Amino acid sequence: MGHLHLILWGIPPLTLQGYAAIDGVKGALQRWADQFYTNLSAEDQTFVREMVSELVNIEDTGEVTRRRATWERLRDIATSQEQLERIIGQLVYQRLLVADTKTVEVAHEALLSESRLIRGWIEENRDSIRLQQRLESYRREWQEHNQSENYLLDVGRLAAIEEWIERKQPRLMNIDREFVERSKARRDREIQAQLEQERKLREAAEAKAKAEEEKKLIEIEKSLEADARAKAEAEKAQEAGKRVKVEKQRNRSLSIAAVLLAGLAVVTFGLKQRAEQREQEAINALTARPEELFQTGNQLEALIESVKVLKELKQIGGNQSSALVRLQTVVYGVKERNRLEGHESNGIFGVSFSRDGQKIASAGGDRTIRLWSRAGKPLLNKPLLHGSKVWSVSFSHTGKGELLASGDANGKIYLWNSQDGSLQRKFPVKDRQQKDNAVLKLSFSPDDRLIAAAVYSDKAVEIWRVADGQLLKIIPQAMGVTSVDFGADSQTVATAGEDGKIRIWRVSDSKLLKTLSHNRLIYDIKLHRKGMVVSGGEDEQVKIWRTADGQLLKSFSNQDTVYGVAFSIDGEFVAAGGAGKIVRIWRVADSQAIASLPNKDLANRVNFSPDGQLLASTGDSLIRFWSLDLNQTQQTSLDGMLRDACRFLNDYLSSSTSLPQDDRRVCDSI
């Protein structure tokens with residue numbers, strides 16, 4: 001390597017005497033910190049800081065080690081070739097870096113631990129370095145598999161990488177940028193394909209129904225004509241019989257009449273059978289429309305179509321028993337009850353019910369908080385505004401005036417009056433290590449005296465006093481914090497995050513009481529007053545633990561990354577949503593899967609209403625409400641099913657702003 005130094009930079013190899021002359025590694029580090037870096041221009045200092053991020057590796061244990069960076073990568077972050085060669089040349093000359101024709105690396109790992117400057121840069125950019133390394137790892141895997149689409153970023157990883165790129169604006173290699181763009185293109189194609197498939201299904205159903213209706217009309221017209229001809233022939237036969245002499249031809253006339261009447265009966269029976277068959281075919285075609293919508297996860301659309309079909313069946317009449325059985329499966333199989341529309345399509349990251357269950361707050365990537373009635377009507381003339389993406393929102397538990405807390409991507413925490421939307425307090429952020437520091441989760445203590453905030457990049461949970469906005473405690477974590485929740489006694493708080501650990505702390509002295517291991521990154525946790533905690537994350541498992549002794553009580557497979565979990569108010573049910581676009585509900589006592597609900601979008605958060613009648617789930621731009629009435633009485637009569645279907649649709653028809661006018665009025669006459 002010393003010979004290569006001489007070739008590249010004209011520098012003789014480092015001897016033992018030379019090493020001693022610069023006081024070993026520590027002396028070199030001190031000299032570099034005091035002389036080299038401080039004498040650089042601002043532009044060169046920026047390059048050196050960014051270069052250090054490329055020359056370190058952060059292990060899963062958190063240990064910082066050196067790694068090689070290619071000249072190509074360092075050229076991407078330098079402002080010019082001249083700057084690249086000059087700075088690296090000087091650092092190699094100072095014997096702080098070593099380089100060959102392809103790569104550059106730190107000369108000694110002590111450089112990463114002895115230099116306060118470098119340690120500070122690494123700590124400041126630890127999360128960014130880790131994400132950069134993950135991106136490079138994913139991209140290399142993609143390249144190793146001949147750039148196969150199967151190895152592009154999935155939706156969950158892409159969301160994390162996009163958020164990082166938007167927040168940090170890193171200088172990416174062209175191949176990394178291409179990898180991200182191709183991943184985004186595949187995601188957009190999948191979304192478009194799904195929309196196109198739904199459109200084709202809808203158009204095919206409409207075309208089929210129209211064709212069947214036309215066919216039915218033609219067959220009915222033919223049937224009426226045949227009936228008329230048969231009747232005319234019968235009348236002619238009867239007239240002929242009357243003209244025959246009664247006495248002379250009596251026996252013969254009776255025989256002829258008998259034959260004619262038997263023939264007429266056969267004709268009439270055949271016509272009736274064909275008419276009933278055509279009627280059944282028309283009914284089957286009508287019933288297929290809501291069934292197709294239900295099977296593709298378009299539940300409210302299927303319910304609206306069921307109302308239309310039931311109304312048509314009521315007009316047609318006839319034997320409808322088979323159609324009603326099929327429609328009964330749709331009407332009572334639909335669990336979606338409403339959709340809250342209003343957020344822009346930048347993701348909805350938080351949803352919270354008020355303590356009486358009559359108000360809902362939602363937090364979105366469009367930098368707004370929106371307040372809704374339980375029926376889905378907006379409660380304020382305009383949304384509450386933040387300066388960046390709103391990651392969390394939570395109602396208070398007690399008190400006469402409902403308080404609402406929210407946290408955003410820049411680390412700001414606001415306290416609102418949910419009655420009139422007035423801002424009550426902004427919590428100061430001056431003690432934060434970084435301004436760009438997302439508050440991913442907020443939790444009021446049950447007595448509403450405290451707020452706990454999961455501050456991701458600071459790797460800490462903050463405890464604030466609600467009354468005066470004073471920061472009482474900072475509980476540090478090993479890695480980024482994604483979720484936090486208070487215990488029922490207001491004296492304990494649970495935290496979770498990137499290291500796959502759930503930790504339970506005593507608030508008064510920040511003492512760690514219990515640690516539970518989840519193996520991989522945890523996105524969400526919820527505590528229940530019965531002494532349980534539910535968690536979910538990257539390992540695709542929903543786990544329930546007993547907080548007293550840390551025993552794992554239950555484990556459910558979600559079949560995809562879990563982003564949000566929730567207990568029902570009585571603790572009998574647990575719900576989870578995530579990357580799989582399915583919201584699942586299990587009964588805790590016997591581990592039975594109760595429901596799989598088609599959310600159609602990523603489910604970032606789920607939340608039960610206080611009365612246990614509804615489950616709210618978030619998506620890209622919608623909040624969906626699901627009925628939890630598991631013992632719904634199913635009507636068998638047409639009128640009974642029609643009344644129930646319209647009752648289920650009542651909130652959606654009155655609150656939706658996107659429905660066509662005809663659909664909004666589908667239940668007006670019911």
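This is a predicted model: local features need pLDDT of at least 70, side-chain atom pairs count only at pLDDT 80 or more; totals for chains, interfaces and linings use all residues.

Residues are numbered from 1 along each chain as its sequence is written, and side-chain values use heavy atoms, with hydrogens and water left out.

**Helices α9 and α10**

I looked up α9 (residues 126-144) against α10 (residues 155-168). Helices here are DSSP runs of H or I, at least four residues, numbered from the N terminus. The two pack at an angle of about 130°, with axes 11 Å apart. Axes are lines fitted to C-alpha atoms over the stretch in contact, and angles run from 0 to 180 degrees between N-to-C directions. The pair is therefore oblique. Angles under 35 degrees count as roughly parallel, over 145 as roughly antiparallel, 65 to 115 as roughly perpendicular, and the rest as oblique.

I then checked the hand: α9 passes α10 in a left-handed crossing. That term means the near helix is turned anticlockwise from the far one by less than a right angle.

Which residues meet? From α9 I list Ser128, Leu131, Gln132, Leu135 and Tyr138; from α10, Arg157, Ile161, Trp164 and Lys168. Contact means heavy atoms within 4.5 Å. I sorted the residues of this contact into five nonpolar, two polar and two charged.

**Helices α13 and α14**

Next I took α13 (residues 299-316) and α14 (residues 321-333). Their axes come within 9 Å and cross at roughly 150°. That makes α13 roughly antiparallel to α14. This crossing is left-handed.

On the α13 side, the contact includes Ala302, Leu303, Val309 and Leu313; on the α14 side, Leu324, Leu327 and Val331 are among the residues.

**Disulfide**

How many disulfides does a search of the whole structure find? I got one. A disulfide is a pair of cysteine sulfur atoms within 2.5 Å. Cysteine 646 and cysteine 667 form the bond, with sulfur atoms 2.1 Å apart. The S-S torsion is about -85°, so I logged the disulfide as left-handed.

Cysteine 646 sits in α15 (residues 638-655) and cysteine 667 in the segment after α16 (661-664), so the pair ties together parts 21 residues apart in sequence.

Buried or exposed? Cysteine 646 is buried, at 10% relative accessible area. Cysteine 667, at 13%, also counts as buried. Buried means under 20% relative accessible area (1.4 Å probe, protein chains only).

How values were computed:
Ala, Val, Leu, Ile, Met, Phe, Trp, Tyr, Cys and Pro count as nonpolar, Asp, Glu, Lys and Arg as charged, and the others, Gly among them, as polar. Buried means under 20% relative accessible area, exposed over 50%, partly exposed in between (1.4 Å probe, protein chains only).
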